[in-house]
Amino acid sequence: MSFSTAKLVDRLGGGLVHRLLRPARAWRDWRASDRPLGTVRELVVVKFWGVGNAALLLPVLARLRQRFPAARLTMVTLAGNEPVYRDAVDRVLTVRADPIPGAIRDLARVTWTLRRDRVDLALDMEQFVRASQAMLFLARARQVVAFDTPGLDRASLADVRVPYDDGQHMAEGFLDIARAVGVDPSRYRPGGGVARGRAPLRRDGRPIAVLHPGSGDNFIGRRWPTRRFGLLARNLVESGAQVVVTGTRDERALAREVVEVAGVPVVDLSGRLDLDTLSSLLAEAHVLVSNDTGPVHLAGALGTPVVALYGPNTPRLYGPLGPNSRAFYAPPPCSPCITNFNYKTSRCLLPVCMHVLGVDEVAAAARARLSLARAERSG
């Protein structure tokens with residue numbers, strides 16, 4: 001099930017499920033005790049979609065551990081995100097993204113598991129998805145804290161509703177949920193332990209520049225033109241860098257186009273890396289140049305400088321937070337067109353916002369970060 005399909009299913013079915021559950025919510029409220037929570041023993045955090053979101057959540061999870069030291073911390077997420085959370089929580093419960101029958105069975109299994117565990121406190125980090133709310137309500141979590149996103153009516157089953165603020169970075173938004181349960185109110189600080197494997201890269205002594213021309217399956221209009229990634233690769237190789245191109249299995253054609261346009265030796269690792277090995281590669285890299293997608297925040301959590309490219313989305317909401325990073329963004333009046341208010345859905349067929357970003361300026365930013373990172377690591 002693609003992200004687009006999942007959004008459609010949630011949009012059509014989620015509202016219906018919420019309406020069906022509201023009488024039960026009202027009944028539970030009428031019968032509920034106002035006895036406050038004592039020691040939190042079972043703490044659950046839910047965030048299904050987004051590797052980048054997962055990386056942004058790592059510092060928040062660390063603060064939750066400090067706030068509730070006696071609790072078992074459980075993460076509920078999609079199966080593909082498990083490596084990001086593996087070392088940050090006590091347990092990861094996963095849901096398959098596809099096929100639809102399997103995803104429904106997994107949601108039922110996780111709901112039953114949480115219901116059996118008698119969850120004391122659940123933090124729902126989804127910004128627009130409704131399935132998480134239904135799952136936590138049916139699991140009988142004693143206290144549920146969730147984003148109340150204007151226009152989506154997604155928090156009607158929650159106990160504590162945190163207003164979603166589109167004017168701040170999403171990392172601060174995640175921290176707002178945690179602040180609502182007494183976590184340290186200081187500002188968000190990036191970082192966190194991302195599980196790593198061994199990336200299949202033979203290093204040759206040159207500084208490593210990773211290029212990520214894909215954007216996952218959420219709106220391909222976020223992609224900088226592949227030809228420009230190829231020209232960028234040539235520029236960086238001629239400047240003395242070892243260039244590596246990454247992407248999912250479905251993005252191998254994009255990577256091949258980059259290599260062909262570059263016309264110089266470039267390492268193509270598209271389709272060959274899982275999250276563990278991608279994290280290892282990003283940790284070794286001196287710079288990542290990427291569209292607005294998950295590796296931006298994985299690299300930031302690992303301390304690797306990032307040059308990130310934005311258009312349909314705004315870096316105000318999802319910009320790189322790692323050290324010495326830069327976001328390129330030259331928005332036309334229609335940007336941003338994918339937001340948490342519209343299920344991150346756009347009908348734009350001509351993303352001029354990505355085409356106005358030039359190769360020379362991106363290459364200059366990447367070379368500057370290569371030089372600085374090389375100097376820092378050699379010193």
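The chain comprises 13 helices and twelve strands in its secondary structure, and the model described here is a predicted one. Of its 379 residues, 55% count as buried, and among the contacts in the chain with a separation of 6 or more, 66% are accounted for by residues 24 or more positions apart.

Six strands form an open sheet in the order 3-2-1-4-5-6, with parallel pairing. Its edge strands are strand 3 (91–95) and strand 6 (160–163), each of which pairs on one side only, and from one strand to the next the twist averages 20 degrees.

Helix 5 packs on it, touching strand 1, strand 2, strand 4 and strand 5, and the direction of helix 5 makes about 170 degrees with that of strand 4. Helix 2 (residues 51–67) lies across strand 1 (42–46), strand 2 (72–78) and strand 4 (121–124), and runs at about 160 degrees to strand 2.

| Helix pair | Angle between axes | Axis separation |
|---|---|---|
| Helix 4 (residues 100–117) and helix 5 (residues 131–138) | about 40 degrees | 8 Å apart |
| Helix 2 and helix 6 (residues 170–179) | roughly 35 degrees | within 9 Å |

Helix 4 and helix 5 pack at an angle of about 40 degrees, which makes helix 4 oblique to helix 5. The crossing of these two helices is right-handed. On the helix 4 side the contact involves Leu107, Val110, Thr111, Leu114 and Arg115, which meet Met135, Leu136 and Leu138 of helix 5. Sorted by class, the residues in the contact of helix 4 with helix 5 are six nonpolar, one polar and one charged.

For the second pair, the axes of helix 2 and helix 6 cross at roughly 35 degrees, and helix 2 passes helix 6 in a right-handed crossing. Helix 2 contributes Asn53, Leu56, Leu57, Val60, Arg63 and Leu64 to the contact, while helix 6 contributes Met170, Ala171, Phe174, Leu175 and Ala178. By class, the contact of helix 2 with helix 6 has nine nonpolar residues, one polar and one charged.

Another six strands form an open sheet, in the order 9-8-7-10-11-12, and here the pairing is parallel. Strand 9 (267–268) and strand 12 (326–329) stand at the edges with a single partner strand each, so one side of each has no neighbour in the sheet.

Strand 10 (residues 287–291) pairs with strand 7 in the parallel sense over four bridges, and Leu288 of strand 10 is the bridge partner of Val210. Strand 10 likewise pairs with strand 11 in the parallel sense over four bridges, where Ala308 of strand 11 is the bridge partner of Ser290.

Five of the five residues of strand 11 (residues 306–310) are buried, so strand 11 is largely enclosed by the rest of the structure. In a regular strand, side chains alternate between the two faces of the sheet. Both faces of strand 11 are covered, with Val306, Ala308 and Tyr310 buried on one side and Val307 and Leu309 buried on the other.

Pro213 is found in the loop between strand 7 (208–212) and helix 7 (226–238). Its relative accessibility is 3%, and Pro213 therefore counts as buried, the cut-off being under 20% relative accessible area. Once neighbours within four places in sequence are left aside, Pro213 is in contact with Arg223, Phe229, Val245, Thr246, Leu254, Val258 and Asn291.

Note on methods
Residues numbered from 1 in each chain as written. Predicted model: local features only at pLDDT ≥ 70, side-chain atom pairs only at ≥ 80, totals over all residues. Heavy atoms only, no water. Axes fitted to C-alpha atoms, helices over the stretch in contact; angles between N-to-C directions. Parallel < 35°, antiparallel > 145°, perpendicular 65-115°, else oblique. Left-handed = near helix turned anticlockwise from the far one by under 90°. Contact = heavy atoms within 4.5 Å. Nonpolar A, V, L, I, M, F, W, Y, C, P; charged D, E, K, R; others polar. Pairing = 2+ DSSP bridges. Buried < 20%, exposed > 50% of the residue type's maximum accessible area, 1.4 Å probe, protein only.
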